[in-house]
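I opened this entry to keep track of what I looked up, one topic at a time. The structure comes before the notes.

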Amino acid sequence: MSSDSLFRAPVPLAVALRPTSVDEVIGQDHVLSAGSPLRMLADPEREGPGSSVILWGPPGTGKTTLASVIARSSGRKFVELSAVTAGVKDVRDVMSDARVEGELSGRAPVLFLDEIHRFSKAQQDALLPGVENGLVVLIAATTENPSFSVISPLLSRSLLITLKPLGPDHIRDVLDRAVADPRGLAGAFTLHDDAREDLVRIAGGDARKALTALEASAAVASAGGVSTIDPEHVALAVDRALVRYDSGGDQHYDVISAFIKSVRGSDADAALHYLARMIEAGEDPRFIARRLIILASEDIGLADPQALTLAVSAAQAVALIGMPEGRIPLAEATVYLALAPKSNSAYVGINEAQRDIREGRSGEVPAPLRDAHYPGSSSLGHGQGYRYPHDDAAGIVPQSYAPDTLLDAHYYRPVPRGLERELQERSRHIRDILRGNTD
């Protein structure tokens, strides 16, 4: 196949290269092992109607592909509906046809329902009789948590199978196969190693995105009269400045460093720039979310405790909804953290406390604080002299809690910013009471 003829192909590269058997599927090994429900469902020798399944995973992880190869491998008829366009009547028509197909072939057809989370309760209810009676083997796909988007009766009648984003090695395998496969580029192009890594990064675990970007990059190379796909072709094809962002090199560390320092420096605009740069480069959003959690703890701390809550919520939101929508909670957290009052007092405090421990400054736990609940503890003086703070009107009593060797240790030193302005005064007042300085 010449490079010119490639782009007259009747179907996109991602469709042309769709696996025709379970063994051709790249990735998802955790659900395709021998004896797994999907393997058994694809077995043409297996008797019975087969279990319906719900495939839950991010885009481009192979949900449609798995449904197709299962139908093909098992010898079942394959029927596809999209929840975006199908209604209750379409579902009932499919069930009626499935009854006839089952009687003729003796095997229930596979009904692949894409984006089942978009189906209303009434539409999902229409699926129940056919699933329950084995008229169809339902393979439903969703990018949203089925516990919230699929009705309980349908969930209870189906196996829930979670698909994972494809790893970098899987995407490399997908790209290499596409370059060599007669159904793909058929060896008409060579893929430069750096270009391959750019495509892996762009894909973000999405095989379809990787193949779409590869096809566009090959078109750019072909238009330039060359057969080697370089990083420049990839950058032009996807219209993004990705070439200088290396997930394992200097740019990766430089950009995340600039992001962190911009948030720490309270520059929300610069922080959003670097966030956008990482997102556009295909950086793992979970990595960004983890950095925001660390930032909230290390650089904001008790000056605004809500910052940590928001950062954790953003990380959970990214895990729940994925990308590209996940960029919104990441941006929300970034702006909030950048504008929040800053304090690293808790960070400095734990560092100094750990340093003292490593240097041998630990000492004995004071006897009044020791456990006095086991037999013989009282004879050792454990718990004797302990003063219960709740017995005092202030809820704080003069008492030594630290080991004798650390009575003068002062680890937590609040800053006069945000909530810590209040904690600074409260901390000073408490310290005076603990040391008996109440005058």
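**Helix 11 and its neighbours**

I began with helix 11 (207-223) and helix 12 (residues 231-238), whose axes come within 8 Å and cross at roughly 110°. Helix 11 is therefore roughly perpendicular to helix 12. The crossing of helix 11 with helix 12 is right-handed. In this contact I listed A213, A216, S217, V220 and A221 from helix 11 against H233, V234, L236, A237 and V238 from helix 12. By class these residues are 8 nonpolar, 2 polar and no charged.

Next I looked up helix 10 (residues 193-203): its axis comes within 8 Å of that of helix 11, and the two cross at roughly 140°. That angle makes helix 10 oblique to helix 11. This crossing is right-handed. L199, I202 and A203 of helix 10 touch K209, A210, A213, L214 and S217 of helix 11. I noted 6 nonpolar, 1 polar and 1 charged residues here.

**Terms and source**

The model is predicted: local features need pLDDT of at least 70 and side-chain atom pairs count only at pLDDT 80 or more, while totals for chains, interfaces and linings use all residues. Residues are numbered from 1 along each chain as its sequence is written, and side-chain values use heavy atoms, with hydrogens and water left out.

Helices (H or I, at least four residues) and strands (E, at least two) are DSSP runs numbered from the N terminus. Axes are lines fitted to C-alpha atoms, for helices over the stretch in contact, and angles run from 0 to 180 degrees between N-to-C directions. Under 35 degrees counts as roughly parallel, over 145 as roughly antiparallel, 65 to 115 as roughly perpendicular, the rest as oblique. A crossing is right-handed if the near helix is turned clockwise from the far one by less than a right angle, left-handed if anticlockwise. Contact means heavy atoms within 4.5 Å. Ala, Val, Leu, Ile, Met, Phe, Trp, Tyr, Cys and Pro count as nonpolar, Asp, Glu, Lys and Arg as charged, and the others, Gly among them, as polar.

**Two backbone entries**

I found a cis peptide bond between M323 and P324, with omega about 10°. P324 sits in the loop between helix 16 (306-321) and helix 17 (327-339).

I also looked up E115, a residue other than glycine with a positive phi, near 55°. E115 is in the loop between strand 3 (110-114) and helix 6 (121-132).
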